[in-house]
Amino acid sequence: MEITSTWFAYLAIVVLFCFFLTNLRRKKHLNLPPGPKPWPIIGNLNLIGPLPHRSIHQLSKKYGPIMQLKFGSFPVVIASSVEMAKIFLKTMDANFTGRPKTAAGKYTTYNYSDIAWAPYGPYWRQARKICLMELFSMKRVESYEYIRAEEIKSLMAELYKTAGKPIVLKDYLSSAGLNVISRMVLGKRYTDESENSIVSAQEFKKMVNEWLLLNGVITIGDNIPWLEFLDLQGYIKRMKVLSKKFDRFLEHVLDEHIARRKQSSNKEDYGSKDMVDVLLELADDPNLEIKLERNGVKAFTLDFLAAGTESSTVIVEWAISELLKKPQIFNNAIEELDRVISKNRWVEEKDMSNLPYIEAIIKETLRMHPIAPLLVPRTALQNCQVAGYDIPKGTRVLVSTWTISRDPALWENPDEFWPERFIGKAIDVKGQNFELLPFGSGRRMCPATNMGLKVIQATLANLLHGYNWRLLGGLGPEDLEMEEIFGLSTSKKIPLEAIAEPRLSPNLYGFQ
C-alpha cells in the first residue's frame, strides 16, 4: 500500500513537472507586450502606489502605449494611447467584453448580478438591453427632468440658508445627488427622516460611501486567489457586513413597490413610476430570455443608487475647485450665464446647448479628473493579437484614460485647466472620441451616460449662476489642495470648503 501511494505521488510530480515545462515553453514562444519583470507571487504590485493610475502613468512613459504588468497571479495589459484604446474598445471590442471575478462583484452586487460586474453572456446582454431600451432610453431620461429640476432648486434653497458661512460642498452635492437618483430609481426620497424610515439619511450616505470604497480597492485575494480565504486586508468582512445592510434596505423597497402594485386594481392606471417599477414589471415578463430574479432587481437598483450619486458629486466638486483656482475662467462662465440666461430665472436643461463655455468647463473637468481613470477592467475572451503582441485568453485589460488625457501630443499644456481648448471643437464625452473617454466606450460603456451628464450639467450651471463662490478667509487660489484619492471614482482627498454668496433675487431661492 505504501509503495503504491509513493508511486502515485512520484507520478503526480512528473505530470506536474511536464505541465510546467509545457506551459513555460508555450509562454516563451509568446510575443507579450513590454513591461517590467514581475516578482514571484506579487508580480508587479510592488510598483503600484496608493494612486494606481499615477503609478501606471509613469510606467507607460517607460514601456509605451501598450505594456504588460502582472498583478499577483494575473497578467494585465495597459492601453494608454488613443490608438490602443480604439483597438480594445472598438476594433476588437467583442473580444474584450469579459469582466474579472472580484470580491466586490461577488459580495456587493449579488454575485455579479448587476450591469457593471456581470460576466459576458446572455444575462449581461439582456441587462444591457434593459438599460439602453428601458431604464435609460431618451424618453425615460427626459420624463425625469422635473425631478432633476425640483431637486436642484431644493439644493439652491439649502445653500441660501448658509450664505456667508463656510460649507463642505460635497455634503450638499451628495445629498442632492442622492435625492435625484433615489426619486428616479425608487420613486421617493427613501432617506427622508420619518417614523417609517428604514435607514437614516446619514447612515445611508455612509453605506453608499462604503460601497464605493469597497468597489474600488485593490484586494490581495482578487490578485492572489489562494490567499483570498485569509482576507488579509479585512475588505471581504466589510463587504459581507455592508451587503446585509443594503439587502435589508432593498428588501423593504421591493416589498413596498410590490404592495403598491397589488393595491392598484388597474395595471394600466398604475403605470411605471420609477426604475424599480420598470424592473419589477420586467421580472414578471415571461418573454425575457433569462428570468430577472429578485436579486437581479436589487443589484441593478444598488448599482444605480451608488454609482449615480457618486459621479455627479465628484465631477461638480472638481469643477468648482478648478474654477476657484482660475478666477478668470470663473468670470467667463458667469458672463455667459448672465448673457444667455439673465438673472431672472434658473438654468434649465434645454439651455445647455446655448452655454458652450459651461459645457467646455465640464469636458475639461472630465479630462483632468476622469471618474474612472483606468476604466473598469475587462478580460480577453479568446487568444488574440494586438499591435503584433500576443494577448492570451483571460488577460485583464485596463485603459488608462488618465494617461490619454495628459498626452502632450493630443493636448496643449495638458496639466493646465483650460476649457477654451474645447470651444469650437466637435469632441464629446459619449465614447466616440477616444481622446476623451470618461464614461468608457463600446459594449461595456456606462449605459447611464446621458442621465449622468444631465445631472452634472444642470447642477454645475445653477451653482455658478446662483452663487458667487470664494475660499475661506486668508486662502488664495494657490492654497487650494487638489490631491486625490483612488477608488471606484477619483475624488478629492480633502473635500472643498468654500463660502457661497447668493447673486440672484431672494424669491428665486424661495425666500422673500
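Analyst: This is a predicted model. The disulfide count comes to zero. A disulfide is a covalent bond between the sulfur atoms of two cysteines. Take Cys131, which is in no disulfide. The nearest cysteine sulfur belongs to Cys446 and lies 8.8 Å away. Cys384 has a relative accessible area of 15%. Buried means under 20%, so Cys384 is buried too.

Now to the helix. Helix α14 covers residues 294-325, and Thr301 is found in this helix. Thr301 has a relative accessible area of 0%, so this residue is buried. What does Thr301 touch, leaving aside residues up to four places away in sequence? The list is Val185, Leu186, Leu250, Val276 and Leu279.

Helix α14 also meets helix α16, residues 356-368. Two packed helices are described by the angle between their axes and the distance between the axes. Here the axes come within 9 Å and cross at roughly 105°. Angles of 65 to 115 degrees count as roughly perpendicular, so α14 is roughly perpendicular to α16. On the α14 side, the contact is made by Ile315, Trp318, Ala319, Glu322 and Leu323. On the α16 side, Ile361, Thr365, Leu366 and Met368 take part. By class, this contact of α14 with α16 has seven nonpolar residues, one polar and one charged.

Terms used: Residues are numbered from 1 along each chain as its sequence is written. This is a predicted model: local features need pLDDT of at least 70, side-chain atom pairs count only at pLDDT 80 or more; totals for chains, interfaces and linings use all residues. Side-chain values use heavy atoms; hydrogens and water are left out. A disulfide is a pair of cysteine sulfur atoms within 2.5 Å. Buried means under 20% relative accessible area, exposed over 50%, partly exposed in between (1.4 Å probe, protein chains only). Helices (H or I, at least four residues) and strands (E, at least two) are DSSP runs, numbered from the N terminus. Contact means heavy atoms within 4.5 Å. Axes are lines fitted to C-alpha atoms, for helices over the stretch in contact, and angles run from 0 to 180 degrees between N-to-C directions. Angles under 35 degrees count as roughly parallel, over 145 as roughly antiparallel, 65 to 115 as roughly perpendicular and the rest as oblique. Ala, Val, Leu, Ile, Met, Phe, Trp, Tyr, Cys and Pro count as nonpolar, Asp, Glu, Lys and Arg as charged, and the others, Gly among them, as polar.
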